[in-house]
Amino acid sequence: MITFIRRIVEWRESHVSDKQFVLLLAVFVGFFAAVAAFVLHWIIRQIQLLLTSGFVANDVNWLYLVYPVIGIYLTSLFIKHIVKDNISHGITRILYAISSKRSRLKAHNMWSSVIASAITIGFGGSVGAEAPIVLTGSAIGSNLGKAFKMDNRTLMLLVGCGAAAAIAGIFKAPIAGLVFTLEVLMIDLTMASLLPILVSAVTAVLFNYLFNGSDSLFQYTMSDGWMIERVPAYILLGVFGGLISLYFIRTMNFCEGIFSRLRHSYQRLLLGGIVLSMLIFLFPALYGEGYSSINILLNGKTEADWAQVMNNSIFAGDGRWLVLYIFFVLATKVFATSATNGGGGCGGTFAPSLFIGAVGGFFFARVWNMEQIGIYIPEKNFAMLGMAAVMAGVMHAPLTGVFLIAELTGGYAMFIPLMVVSIFAFLTINIFEPHSIYGMRLAREGKLITHHTDHAALTLMSLESIVDTEFTYVQPDMSLQRLVHAISRSKMPVLPVLDTVGRLLGEVHINNIRNIMFRTELYNHFEVYQLMCQPQAKLGVNDSVEEVMHKFEQTKATMLPVEDSNGILVGYITHSRLYSQYRQMVADMSAE
C-alpha cells in the first residue's frame with residue numbers, strides 16, 4: 001500500500017501541478033465530508049427512532065431518565081477502550097492543530113468523532129453533531145494532504161477545505177462554509193485558498209442533495225417581511241443575543257471547571273448523568289440536537305402550534321406554561337450540554353448555539369408581543385434572527401451567522417435584519433469576551449491564529465525547528481587547556497558550562513577569553529568556573545516564539561540557551577536563525 005501511494009505521488013509530481021492537485025484533493029475532501037455527515041445523521045436518526053418511536057406526545061416518559069445516561073456511558077467506554085485519545089472540543093482541536101501541530105490531525109479523527117457523537121446524540125445527549133463533523137472533515141483533509149506529502153501551507157488549506165465542506169454539507173450552505181473557515185478557523189481568504197475551499201464546499205453540498213434530497217434542515221416560510229419600524233426591536237434582539245452568548249460561554253466554562261476537578265470517570269458520569277437525565281425529563285426539548293423544536297418555533301403560528309415544544313413533558317397540553325417553559329429551556333440548555341460532554345459524551349456547541357438562539361429569539365418576541373411593548377413582531381422571524389445573533393456571539397462570527405441562517409432557512413429576504421442582529425450581538429459579546437468559545441482556551445496560551453500576519457507567523461513557527469541541539473559543553477572544574485581543546489571542536493562562539501546532570505551553570509564566550517586562550521603558560525592557572533558568566537536570559541521549551549523574540553529584543557543577545565522544565569539544557573537559539581525563519585514564514589503566508 002505504501003509503495004502504491006509512493007508511485008502515485010511520483011506520478012503526480014511529474015504530470016500534475018500543485019494547484020491542480022489541490023483542487024482535486026478538495027473534491028475528495030468535500031465528498032468524504034458529505035459521506036461522514038450523512039452517516040452520522042443516519043445513525044442518530046436510527047437510534048432515536050428505535051428509542052422513542054413509541055412515545056406518546058401528551059404522556060410523561062420515564063425513559064428520559066435512563067437513555068442519556070446509557071448514551072454517555074457507552075460513549076465513554078468507546079473513547080476509553082477503542083479510541084484511547086481525547087476527542088472533545090472538536091473545533092478547538094482543529095485550531096490547536098493549525099497553530100501547534102502544523103495542521104496535522106490524527107488518523108482516528110476521521111471516524112472516531114462520528115461514532116462517539118452518534119451514540120451520544122442518539123441516546124439524547126444535548127449536544128450537536130456539527131463540531132464532530134467539522135473535526136472529521138478537517139482530519140480527512142489533513143490526512144489526505146499528509147499521504148501525498150503536501151507542505152504545511154497546503155495542509156492548512158486542506159484542513160480549511162474539510163471544515164468548509166462539513167458546514168456546507170450539513171446545512172447545504174456553501175457560502176456559510178467558506179465564511180466559517182475565514183472567521184472561526186482564521187484561514188486567510190486569498191485567491192490561492194478561495195477556489196479550493198469553494199470547490200470542497202460545493203462538492204459537499206451536491207452530494208448532500210444526492211443523499212438527502214432538496215429539503216433543508218430547517219423548514220421556514222417567511223409570511224411577514226422586515227419593516228423599518230422594527231429596527232429598534234432588531235437592535236435589542238442583537239444585544240439580547242450577545243448577552244445570551246455571554247451567559248452560554250461563561251456558564252459552559254464554569255461547568256467544565258467543575259467536571260475537570262472530578263478525578264474519576266465514574267464521578268463525572270454520575271454527576272453528568274443525573275443532571276442531564278433530570279433536565280431532559282423535565283424539558284424533553286433538550287433531548288438530542290433539538291432541531292425538531294427549532295422547526296416548531298420557525299413554523300408555528302398559534303399558541304397550539306408553539307405548545308408542541310412541550311410534548312412529552314409534565315407541562316404538555318397546557319399552553320399557559322409556554323413562556324415559562326421556553327425560559328427554563330433557554331436557561332438550562334447550557335447545563336444539559338455541559339453535563340453531556342462533562343459526563344463522558346461527545347458533541348459540539350454548534351447545534352446548542354442554534355437551539356438557544358431560536359429559543360431566545362422566540363422568547364424575546366413572545367414577551368414583547370404579550371406586553372405590547374411596541375409594534376407587533378412575528379415570533380417565527382425572531383426565532384430565526386435569534387439563531388444568527390447567538391451564533392455570531394458564541395463564535396465571534398457575525399458573517400457566519402448571517403449567511404448560515406439565510407442559507408439554512410431560505411430567509412434571504414431577511415438579510416438586513418440578520419446583519420443588524422449579528423452585528424449588535426457581536427459588539428455586545430466583544431465587550432466582555434474578546435475571543436470565541438473555540439478560541440479562548442488557545443488565546444490564553446498564546447496559540448491562537450489570527451488574521452494579523454505578524455502574530456500568525458509567530459504562532460505558526462515551531463520553537464523546536466529553530467533550536468540548535470548540537471553544542472559542545474564544558475564542566476566548571478576543567479582547566480583552560482581542556483577548554484581550548486573544546487573550543488577547537490565547537491561550532492558556536494559560546495560554550496555552555498554544565499553540571500553532571502546537564503543543568504546550565506553559566507557560559508564561556510570565546511571573545512571574552514581571546515586574550516588568554518593562546519597563552520600556554522596560563523593553561524594550568526585558570527579553570528572554567530573562573531572564566532564563565534551568566535547568560536543574558538534563558539528560554540524554556542514551552543515558551544512561545546513571540547516570547548522568545550521579545551527576550552531577544554530586550555537583551556540584544558545573538559544567541560540564548562533553551563532549557564526544559566527540569567532546567568536541563570536543550571540547545572541554543574540564534575537571533576539570525578529566528579528572524580530568518582520568521583521572514584520565511586511571513587513570505588509563505590503572503591504568497592499567492
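Residues are numbered from 1 along each chain as its sequence is written, and side-chain values use heavy atoms, without hydrogens and water. In this predicted model, local features need pLDDT of at least 70 and side-chain atom pairs count only at pLDDT 80 or more, while totals for chains, interfaces and linings use all residues.

Trainee: How many salt bridges does the structure hold?
Mentor: A salt bridge is a side-chain nitrogen of Lys or Arg within 4 Å of a carboxyl oxygen of Asp or Glu. One of them joins Lys-106 to Asp-85, with the closest N and O atoms 3.2 Å apart. The number of salt bridges in the structure is six.

Trainee: How many residues apart in sequence are the parts that Arg-366 and Glu-303 tie together?
Mentor: Arg-366 and Glu-303 form a salt bridge in which the closest N and O atoms are 2.2 Å apart. Arg-366 lies in helix 15 and Glu-303 in helix 13 (residues 303-306), so the pair ties together parts separated by 63 residues. Helices are DSSP runs of H or I with at least four residues, numbered from the N terminus. The separation in sequence is 63 residues.

Trainee: Is Arg-366 buried or exposed?
Mentor: Buried means under 20% relative accessible area, exposed over 50%, and partly exposed in between (1.4 Å probe, protein chains only). The relative accessibility of Arg-366 is 13%. Arg-366 therefore counts as buried.

Trainee: Which residue is linked with Glu-303 and Arg-366 in a network of salt bridges?
Mentor: Glu-303 is partly exposed, at a relative accessible area of 35%. Its network of salt bridges takes in Arg-366 and one further residue, Glu-379.

Trainee: Why are helix 15 and helix 16 described as oblique to each other?
Mentor: The axes of helix 15 (residues 350-370) and helix 16 (residues 379-395) come within 6 Å and cross at roughly 135°. Axes are lines fitted to C-alpha atoms, for helices over the stretch in contact, with angles from 0 to 180 degrees between N-to-C directions. Angles under 35 degrees count as roughly parallel, over 145 as roughly antiparallel, 65 to 115 as roughly perpendicular and the rest as oblique. Helix 15 and helix 16 are therefore oblique.

Trainee: What is the phi of His-396?
Mentor: His-396 sits in the loop between helix 16 and helix 17 (398-409). With 11% relative accessibility, His-396 counts as buried. His-396 is not a glycine, yet its phi is positive, at about 55°.

Methods: Helices (H or I, at least four residues) and strands (E, at least two) are DSSP runs, numbered from the N terminus.
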